[in-house]
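Walk through this structure from the overall build of a chain down to single residues. Keep the sequence and the 3D view side by side.

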Amino acid sequence: MNKQQSYNLTLKIRRFDPDSKRSWIQDYHVEAGRILRFVDLFRKINDEQDPNLAWSSSCEHGQCGSCSVKVNGKPLLACELLVENAVQYFKTITFQIEPLNVAPVVRDLVVDISTAYERIDQIKPYIIHPAPPPTENNEYPITPHELERYVNATRCINCFCCSSACISSHKTFLGPNAMLATIIRVMDPREQEKDQRLKILYSENGIYRCHSSRACSFVCPKEIDVAHFIAVAKEGRITEQE
Amino acid sequence: MNKALQIRSTIHCDLLIIGAGGAGFRCAAEVLEKKPKTRVIALTKGSHPQKSHTSTAQGGLAAVDPRDPADDNIFHMFDTWKGSDCSADQNVVRKICGAAWEQILWLENRGMHFSRDPDGRLSKRTFGGHTLNFGESSAYRAVFEADRTGKGIMDTCWGETLKRGISFINQCLATELLFKENQCLGCIVFRQHEGEFIRILSKATVLSTGGSGQVFKITTNCRQNTGDGLALILQSGLPVMDPEAVQFHPTGIVGPGILASETLRSVGGILRNRKLEPFMEQYAPKMKDLAPRDLVARAMASEIREGRGIVNPDHNVEHVWIDLRHLPDAVHEKQIPEVTGFFKKYLNLNPKEKLCPVHPSNHYHMGGIPTNEFGEVQTSSQEIIPGLFAAGECAAASFHGFNRLGTNSILELITMGKFAGEKALTFLEKFPDQFPEVEGNLSFLRFSNYMEASGKDNIGQIRDALRTLMTENMSIFRNEGGMLKTIESLKELKHRADKTALSSKSLRMNQELVQHWELDNLLTVSMAITQAALNRKESRGAHFREDFPERSDNFNYHSLISMEQFGKVELERREVDMRLFEEKGQHADKFGLIERKY
Ligand SMILES: Cc1cc2nc3c(=O)[nH]c(=O)nc-3n(C[C@H](O)[C@H](O)[C@H](O)COP(=O)(O)OP(=O)(O)OC[C@H]3O[C@@H](n4cnc5c(N)ncnc54)[C@H](O)[C@@H]3O)c2cc1C
Ligand code: SF4
Ligand code: SF4
Ligand code: FES
């Protein structure tokens, strides 16, 4: 297959200026090699056209969840989206790029992620009451089989793509990633405080707000089957001992 | 001075953590656990602490399991000493290796999801440079959480500190340390969202700002790693130690330089050249592909130089291959899924079927803020600065000397972080109730220069020029001519940067403004690296001089470099601690000035 080496793209980026509180859409025309990432495009815009365009990133290889944006409506990591793949997936060379709708916008594509994190903080993302290991000065034994039940949920990087895609979480629902963080600790044998966990899980803001659309699983850049974990929790199967 | 620049408010706290990565978090957790209700504030430059660079550490965490009949702390100490090319400090090596397993259990007991063996115990894997019996065979010494070990540490420590009431200030810059009569009393902070400066007065302050990899064009480091901690220290008239000791990771993925972890080699990946020869056999007959990073990186660069590299058409760079095709599916899927995923994601290539292009990528800064074994920051005459601590990649105690072994960095975070926390606790006990008044002035000076500059240029382009310059002249091979040229070019770039006007004068979430400030730090750190490297007329660990290819006993010391004003450097020395050798205990002979062969 003969691959096209570069593309002339149009990026329609949603801008917001906190000083004037003005919001608008700005078009940028960018020529880009086939395996440049969208974060590279933003940097290219800063270096060549507009140093003011604000966007977020940190690791730039899909490990930290800082660079989430919506591209043509789909929440994703801008550091993982290659030009070639974007053109193929969305079947276009014009892209609408918006900030995630999970927290107030600070400027352009930058949102106040700390606010979004407050939902995770609420579910207590730590072991509330750790079980002491059966033999002192040792690890708490967990077999690979036991770990396998929830290890996938621990891969979540809190990029909030799922929350952005989940209609329910725009209201009272704490959101798919907050649910994952709770479910992990219900399933982790080292957590003794299961009651508090279950209360949160089955509370007003908990999993019953989820209507099983599976949008979360569909958009998760880590390919975590979030909806599956939530379904298992709804059925009450997460508290079962193996 | 620009009128918009003023201190909006002053906050008081007991402990200030500048940089909530692995080291900063472990330190905060220690203090909060031992003394609940301590007022701890942690700063981070990213949007949230969980986004810190530690979250990307993949491979593992070295620690000798006391239950392991084959392994022993003394072997870990030896490997670290040998790996450092005889320039780690032996008091630090002993202290860290001795505390390692306890710290692993600390993490495990608090919920870290380590990978397990069939009996439910922590699994272990081998890593380059880690051996049994003083180099005899590979040691299984690295515990890990699949290929997200750093994330495991971050999630655990973040949770622990959150549980115990830490306060975070995210997306901010520490722009200036505050001192009164040599005692550190906190810092000035620029809050990016609000575009405001605040003053934080703290009884104890910990610098844990991480690495400086953005100095180089091809790097595994995240966007925030602009060496701010080192620049803050230099700006305060204090020294940095061994800045010339910069590590290049052999297997950066062609393009941006994303790290393909050492794990790829420890699970059996083989480096090959254009003729598909497994070339490491010639450079390190015993350890082969598992030899330490600097040797592997130099071998790869030599293969490329001698015409046995391959050109990548998309990025137009030369590289060699790593071959993963022969590894069983289970290894691909269970042990290295994230890393092999990178090749798929960033190159659209399947490592089960195809060779993967890799080239050396800047990875780690061994040099940093000089501290003693407790994390207390020192002056050039090795006096302790009361109230100031440093830990993690921005610090140099020095555990790694001139070359760090894989898995030893995140071990350093959780041990030195804890030690610094312990010391800070005793320091807090003695602190008087009343805070002395201090003000800062350097931040406003720097920021008002940025606001008032009027030249037409682009910060991003100057940064790119700097990074290319450093990659070309200050990477794996260095020589005097190249370094002298680099120093001149750095001065020119600094001159250009100083004149560059901002395209918007808004202070709120103005990335260009932040990048200008970061660029100044990158320039400062680059200058320190280059000057110290020029002065070190020998090759040691990751510092390789083509004009002086051998290690020389005349340079058995740490370089200390101060630079209050850009380009005006003062060089001093710190002796390497060799007490394991000098105490003449069992195996003392292994800790002398030994040869570094693998
Ligand atoms: C891809 C990759 C993989 C790695 N894998 C391993 C491994 O397997 N094993 C191993 O031992 N090591 C590994 N390392 C090295 C290791 O990850 C780092 O050395 C280590 O994480 C550094 O931790 P830290 O706590 O010092 O800093 P970081 O985690 O980088 O944290 C620094 C913090 O300081 C903040 N900060 C910086 N500047 C400022 C400022 N001016 N104001 C306020 N806050 C600031 C940052 O935002 C961040 O929160 C790896 C490194 C990379 C790049
Ligand atoms: S499955 Fe539930 S949690 Fe997931 S997106 Fe749909 S409503 Fe939200
Ligand atoms: S579950 Fe997936 S999409 Fe949701 S925050 Fe975690 S990593 Fe992101
Ligand atoms: S920048 Fe870290 S996930 Fe994209």
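Helices here are DSSP runs of H or I with at least four residues, strands are runs of E with at least two, and both are numbered from the N terminus. On that basis, chain A holds nine helices and seven strands. Keep in mind that this is a predicted model.

Start with the build of chain A. Its C-alpha atoms fill a box of roughly 60 × 45 × 35 Å along the principal axes. The chain has 242 residues, and 60% of them count as buried. Chain A exposes about 10100 Å². Carbon and sulfur atoms supply 49% of that area. Now take the contacts in chain A with a sequence separation of 6 or more. Of these, 62% link residues 24 or more positions apart. Charge comes next. Chain A carries 29 positive and 30 negative side chains. The centres of the two sets lie 5 Å apart.

Turn to chain B. Its domain assignment gives domain 1 (246-362) and domain 2 (443-575). The C-alpha centres of domain 1 and domain 2 of chain B lie 29 Å apart. Ten residues of domain 1 of chain B touch ten residues of domain 2 of chain B.

Where do the side chains of A:Glu84 and B:Asn348 come together? They are joined by a polar contact of 2.7 Å. A:Glu84 sits in helix 2 (residues 83-90) of chain A. A:Glu84 has a relative accessible area of 8%, so it is buried. The cut-off for that class is under 20%.

Stay in chain A for A:Ser203. This serine lies in the loop between helix 7 (194-201) and helix 8 (215-219) of chain A. Is A:Ser203 buried or partly exposed? It counts as partly exposed, because its relative accessibility is 27%. A polar atom of the A:Ser203 side chain lies 2.8 Å from the backbone oxygen of A:Ile200. A:Phe173 is 30 residues from A:Ser203 in sequence. In space, the two C-alpha atoms are 9.6 Å apart.

Back in chain B, look at the loop between helix 1 (22-34) and strand 2 (40-43), where B:Thr38 is placed. B:Thr38 has a relative accessible area of 5%, so it is buried. What does B:Thr38 touch, not counting residues up to four places away in sequence? The residues are B:Asp14, B:Val31, B:Leu32 and B:Leu428.

Helix 5 of chain B spans residues 228-235. Why is this helix described as largely enclosed by the rest of the structure? Because eight of its eight residues are buried. Among them are B:Leu230, B:Leu232, B:Ile233 and B:Leu234. B:Asp228 and B:Gln235 are on the list of buried residues too. Just after helix 5 of chain B comes B:Gly237, with a positive phi of about 85 degrees.

Backbone geometry is the last stop. Most residues other than glycine have a negative phi, and most peptide bonds are trans.

B:Asp85 lies in the loop between helix 2 (73-83) and helix 3 (90-109) of chain B. B:Asp85 counts as buried because its relative accessibility is 8%.

Next, B:Gln171. Its phi is positive, near 45 degrees, in a residue other than glycine. B:Gln171 lies in the loop between strand 6 (167-169) and strand 7 (172-180) of chain B. B:Gln171 is buried, with a relative accessible area of 8%.

Then there is the peptide bond. Which two residues does a cis peptide bond join, with omega of about 10 degrees? They are B:Ala397 and B:Ser398. B:Ser398 belongs to the loop between strand 19 (395-396) and helix 11 (409-430) of chain B.

Methods
Residues numbered from 1 in each chain as written. Chains lettered and ligands numbered in written order. Predicted model: local features only at pLDDT ≥ 70, side-chain atom pairs only at ≥ 80, totals over all residues. Heavy atoms only, no water. Buried < 20%, exposed > 50% of the residue type's maximum accessible area, 1.4 Å probe, protein only. Contact = heavy atoms within 4.5 Å. Areas by Shrake-Rupley, 256 points an atom, 1.4 Å probe, with all protein chains shown as cover. Lys, Arg positive; Asp, Glu negative; His and termini not counted. Charge placed at Lys NZ, Arg CZ, Asp CG, Glu CD. Polar contact = N/O pair within 3.5 Å; in protein donor to acceptor, adjacent residues only side chain to side chain. Domains from an automatic or database assignment.
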